[in-house]
Structures are given as C-alpha cells and as structure tokens.
2 protein chains.
Amino acid sequence: MRLYLIRHGKAVSAGLATSDAERPLSPEGREATERVAKRLRGLGVQWGLILTSPLVRARQTAEILRGAGLAPSVEEAGELGPGGELAAWLPFLASWRKEGRGDLAAVGHLPNLALWAESLAWGEEKERIVLKPGGILGLELPESGSIPGNCSLFWVTSPKLLP
Amino acid sequence: MRLYLIRHGKAVSAGLATSDAERPLSPEGREATERVAKRLRGLGVQWGLILTSPLVRARQTAEILRGAGLAPSVEEAGELGPGGELAAWLPFLASWRKEGRGDLAAVGHLPNLALWAESLAWGEEKERIVLKPGGILGLELPESGSIPGNCSLFWVTSPKLLP
C-alpha cells in the first residue's frame, strides 16, 4: 500500500482576528492545491480515505483533494495536527494496511510530515527532506511486519516541480 | 548548489552481440527521457555540466538532456559507472561547489545513485529510495563544510510522476 503525506497549501498570515488554527488557504495556496489535485487525478492516483489535521488550512487542502475525486471522504485525525506523534498514529496506519483498504492520504504540517517520512523509511529523523506547501511525499509500505524503518520513498515533490 | 542524480532511461536487453556496457536506450526509454528533458527545460532547470557514466545507455541519456539545452556539455566520469564509489567522486563535487560553477547533473545507475543520495542526505545507506529508469533525485548541498550527511532531498520522481 502507498501512503501520501501532503503538506497543506500556502495559508494567509495570522491576523488580529485569526488564530493560527483558523488561518485559511491564500488564493495562491488554493490555486496551487487545485493544480496539484488535477495532476494527481491525471496520474490515476486514488485513495481509500483522506485524513487531515483539524486545522483550517489542512482541512481546506483535504477538501480540494476530495473534490477532485481523489477519495470518497475526508476524516479529521488529531495526530496530524501540530505536535502530533507518529507513534500515536501508527496503530491506525497498521490496521488500515491490515484491512487492505487501499492507498491513503494524510494532510498535515511541517515539521511532522517530513520527520514522519524519515522515520517510516529510515527509522530516524534528521530533517533532510524538503517539503514545500502543497508538496507531496510518497511512501510504499512493506506488505507486513514493522512499518517504521521499512518503507520506501518513491516521491518527493513540490507543486512547482509537478508542472 | 543543487545536484541532480539521474538514472539512465530504459535500455534494451543484452543480446549475443551486445555487452551490458553497450546496451542502448530502448525506443521507450528514449521517448521517456526526451519527455523528462522537455519537462526539466520547462521548469527552468539549468546545469553547468552533465557528468555521465561511460556506459552507452547513460551517455545516450546525458546527450538527450544536453540536446534539450539543459547544459552546455557532457563529460564522462568513471566513478559514475557500475561499482563507482561516492568517496572517489566527492573531491570533484567539493571542488565544483567551491568554484561556484552552478548546478550539476550526474547520470548513472542503480544501486549507486540511490545509495549516494542517502549518503549525501543522511550519511548512511539503507536502500530506501526508489529510483526508476529516467528518474531524478534532487539534492541541495550545504554552502560549505562536509557534504555527506548534510544535503537536503528536495526531489524524487519517476518519469511517470512528472506528467
């Protein structure tokens, strides 16, 4: 199974009336995310589910991906929010794989997603992966057994490098 | 500076009259490489030089990239051939960076290129990066100091994922 870790699109700055959690996508972030969604669709990518961080900019990103027909539904997962721990999310990922429910997308934030990808592939975090807003990390999970340290990284891209 | 490690395109099988080193690109490999070259050009990628393994399939890949206007010239480097060692190539890379000669492309083979990328970013090789024929690994080098273990991985793509 394949796991796609996707960083939310560019968001507006926090203002007096807007907390960090409520910041929406900027017009530019929305446009880039729509373009990425269209490209993924053209590539034949299809997910059983899109999980998302509860923050507005992530939820909006997930909804754009769902709206493009990439998955039937979106669900919030607190572990994908800022400060979330991979260890807390792994049981979900393991049972998803076991149930054979297809590929999975998870929309979240930095530094988590890039660090999680390193943990999943190499078993340790060194902050060596660049993940731009709207960027994608693609991981192939082993068919069985321990997931961390045993995934393969087949895709790292920014929206700009997905023309 | 950015380093692009590029695997040669798909090649024909070795036959009675063709040694492994002489295998040329297949029509499919040539077509995919030409498409990748065009995409790179569209993205504004520009290299000061394309280094290539001495093997025919790598030299042909490098010539297609040069022909698309991505670099002024191609040079062979034995270290990029099968069995080449990153340690033997590092002095060239370090002096290239020091001289500020721009971004650099290196066309070669598996497993070397994927292992080299891991060494450059994480300082160790675990075979966790997938690199398809005609695929690209993009690394950002640190401005100074030791290169292995200090690069950032900003791009992993197969030709198929570069639509």
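Predicted model: local features only at pLDDT ≥ 70, side-chain atom pairs only at ≥ 80, totals over all residues.
Colleague: How do you know how the two copies are related?

Modeller: Superposing chain B on chain A takes a rotation of 180°, with 0.0 Å of shift along its axis. The RMSD is 0.0 Å. The two copies are therefore related as by a two-fold rotation axis. In chain B, the C-alpha of V156(B) is nearest the axis, 2.3 Å from it.

Colleague: What makes you say that the same surface serves both copies?

Modeller: Of the contact residues of chain B, 100% recur in chain A. Contact here means heavy atoms within 4.5 Å.

Colleague: Why does the radius of gyration of chain A agree with a compact globule?

Modeller: Chain A has 163 residues, and a compact globule of that length would have a radius near 15 Å. Chain A has 15 Å, so the value agrees. Along its principal axes, the C-alpha trace spans about 45 × 35 × 25 Å. Buried residues make up 52% of the chain. Take contacts in chain A between residues at least 6 apart in sequence: 69% of them join residues at least 24 apart.

Colleague: What secondary structure does chain A have, and in which pattern?

Modeller: Chain A has 4 helices and 6 strands. Along the sequence they read β-α-β-α-β-α-β-α-β-β.

Colleague: Why is the bond between L110(A) and P111(A) called cis?

Modeller: Its omega is about 0°. P111(A) sits in the loop between β4 and α4 of chain A. In chain B, the bond from L110(B) to P111(B) is cis as well, with omega near 0°. Most peptide bonds are trans.

Colleague: What makes the phi of E127(A) worth a remark?

Modeller: Phi of E127(A) is near 55°, a positive value in a residue other than glycine. Most residues other than glycine have a negative phi. E127(A) lies in the loop between α4 and β5 of chain A. Phi of E127(B) is also near 55°, and E127(B) lies in the loop between α4 and β5 (136-140) of chain B.

Colleague: Is E127(A) buried or exposed, and how do you know?

Modeller: Exposed means over 50% relative accessible area. E127(A) has 59%, so it counts as exposed. E127(B) has 60%, so it is exposed too.

Colleague: How many charged side chains does chain A have, and how far apart are the centres of the two sets?

Modeller: There are 19 positive and 18 negative side chains, and the two centres lie 7 Å apart. The accessible surface of chain A comes to about 6900 Å², and 49% of that belongs to carbon and sulfur atoms.

Terms used
Residues numbered from 1 in each chain as written. Chains lettered and ligands numbered in written order. Heavy atoms only, no water. Least-squares fit on C-alpha atoms with pLDDT ≥ 70 in both. Helix = DSSP H or I, 4+ residues; strand = E, 2+ residues; numbered from the N terminus. Rg over C-alpha atoms; globule rule 2.2 N^0.38 Å. Buried < 20%, exposed > 50% of the residue type's maximum accessible area, 1.4 Å probe, protein only. Areas by Shrake-Rupley, 256 points an atom, 1.4 Å probe, with all protein chains shown as cover. Lys, Arg positive; Asp, Glu negative; His and termini not counted. Charge placed at Lys NZ, Arg CZ, Asp CG, Glu CD.
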